[in-house]
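Here are my notes on the model you sent over. Have the structure open while you go through them.

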Amino acid sequence: MTSRRVAIILFNLGGPDKQESVRPFLFNLFNDKAIIGLPQPFRFFIAQLISRSREKLAKANYALMGGGSPILPETFKQADALEQAIAKRVSNVTFKCFPAMRYWKPFTKDTAKAVEKWGATDVILLPLYPQFSSTTTASSLNAWRTASKLPASTICCYPAGAKFAQAHADAILKTWRENGSPPSPRLLFSAHGLPQSVIARGDPYQWQVEQSVAAVRKLLPPDWDIRTCYQSRVGPMKWIGPSTEEEIHQAGKDGVGVVLTPIAFVSEHVETLVELDLEYAQVARGLGLPYYLRAPALGADPRFIDALADLVERALGAPGKVQSESGERICPAVNGLCAQGGAR
Ligand SMILES: C=CC1=C(C)c2cc3[nH]c(cc4nc(cc5[nH]c(cc1n2)c(C)c5CCC(=O)O)C(CCC(=O)O)=C4C)c(C)c3C=C
Ligand SMILES: [Fe+2]
Ligand SMILES: [Fe+2]
């Protein structure tokens, strides 16, 4: 009998590794039909237009982080930690984690080639997006399915698992305590936004973000003022709200400080290190907020990695299945890709 060799594919968005990569990265993003639904060749031209017009601002943001995005090195740290966690639990299979990025290197198709070369017998598809969206999770899974025909188990979402929620609560409480435990703080859960039209089509992302917030809030003191908001709006369309910036302005009006935590990003990158830590921090200073504290993204936090290892361990025993943290119910609203369901 041939021994089982399982490749665990860690999907994320990817980010430009250097300044010259910014425009082609943006082009790849806006040329994805999961992001802009127009048929070709219209999408191609729109993607060229937007990537050109956004290039200067985006380059300046990436320059603030040394020229490029830290998302790939951060994903490799998660990959190493996950391999170590799985090695403690599993002895009868050979396995290896492979990052696969959607819009920059290592591109999903190149990872698929590397996985084949490694001699994988089957794969576990693990998006580094706790909440399912057609714009992120489904886009990555579709790219994988085009690139590889290896037998696959899919983990579609894990928005409200106990270990994931505890890791977030501990990171928030640590940040709060290290800054003098200001009484009854206002806590902003900030998630990447989505155009309203994507939610209207049945995308369960916002519903799952709310599930994440509900799971974490149970682990926090009951007197905290907890709000959910959405950052990183792009373009002229109507996006879901309230925006994170609006909530910071509201805190200014109310004369209160804020603790801010990312809830849909699992690693640090341009949206946390620049948008939250520089842009919104400056807004908060300008408004004279008594404090502006930011809890870190989970990164390679041992509890988060343990939560991922639980999902992987279960997927190892369920070849060919699509699973969320809570079972195998297939969601018709998102083409059967999300086991969690949840179109409202
Ligand atoms: C929960 C995760 C994410 C969702 C949902 C998402 C949707 C989405 N994003 C854009 C446009 C951009 N996103 C950009 C960066 C970026 N987005 C995510 C995650 C989600 N996006 C991450 C992790 C990153 C960081 C990548 C990195 O460099 O490390 C960017 C580029 C930066 C910028 O120019 O602001 C754009 C553009 C849309 C349009 C969208 C849904 C329709
Ligand atoms: Fe994004
Ligand atoms: Fe799901």
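1. Start with the make-up of the shell around ligand 1: 13 of its residues are nonpolar, 7 polar and 2 charged. In that tally Ala, Val, Leu, Ile, Met, Phe, Trp, Tyr, Cys and Pro are nonpolar, Asp, Glu, Lys and Arg are charged, and the others, Gly among them, are polar. There are 22 residues around the ligand, and Gly15, Ser69, Ile71, His192 and His269 come nearest; "near" needs a C-beta atom, placed from the backbone, within 6 Å.

2. Before you read on: this is a predicted model, where local features need pLDDT of at least 70 and side-chain atom pairs pLDDT 80 or more, while totals for chains, interfaces and linings use all residues. Residues are numbered from 1 along each chain as its sequence is written, with chains lettered from A and ligands numbered from 1 in the order written.

3. Which helices each supply at least two residues of the shell around ligand 1? They are helix 1 (22–30), helix 2 (42–63) and helix 10 (270–287). Helices here are DSSP runs of H or I with at least four residues, strands are runs of E with at least two, and both are numbered from the N terminus.

4. Now the domains, whose bounds come from an automatic or database assignment. The chain has domain 1 (19–63) and domain 2 (162–294), and their centres, taken over C-alpha atoms, are 26 Å apart. Ligand 1 lies between these two domains, because both give residues to its shell.

5. The largest nonpolar core has 95 residues, and Ile8, Ile9, Ile124, Leu126 and Val312 touch the most other members. Helix 11 (residues 302–316) gives the most to this core, 9 residues, and each of domain 1 and domain 2 puts in at least three. A core of this kind is a set of buried Ala, Val, Leu, Ile, Met, Phe, Trp, Tyr and Cys residues joined through C-beta atoms within 7 Å. Buried means 20 or more other C-beta atoms within 10 Å of a residue's own, exposed means 12 or fewer, and partly exposed is in between, with C-beta atoms placed from the backbone.

6. Leaving out residues up to four places away in sequence, Val312 touches Ile8, Ile86, Ile124 and Leu126; contact means backbone-placed C-beta atoms within 7 Å.

7. Helix 6 (residues 162–178) has 17 residues and spans 24 Å from first C-alpha to last, close to the 24 Å expected at 1.5 Å a residue; the expected span is 1.5 Å times one less than the number of residues. Its buried residues include Phe164, His168, Ile172 and Trp176. Among the elements covering the buried residues of helix 6 are strand 5 (186–192), helix 8 (205–217) and helix 11. After helix 6 comes Gly180, with a positive phi near 85°.

8. Two cis peptide bonds are worth a check. One runs from Gln40 to Pro41, with omega near 10°, and Pro41 sits in the loop between helix 1 and helix 2. Another joins Gly241 and Pro242, with omega about 0°; Pro242 is in the loop between strand 6 (225–231) and helix 9 (244–254).

9. Finally, two serines with positive phi. Ser184, in the loop between helix 6 and strand 5, has phi near 35° and counts as exposed because it has 9 C-beta neighbours inside 10 Å. Ser232, in the loop between strand 6 and helix 9, has phi of about 65°. Is Ser232 exposed, buried or partly exposed? With 18 C-beta neighbours inside 10 Å, Ser232 counts as partly exposed.

Key
Contact = placed C-beta atoms within 7 Å.
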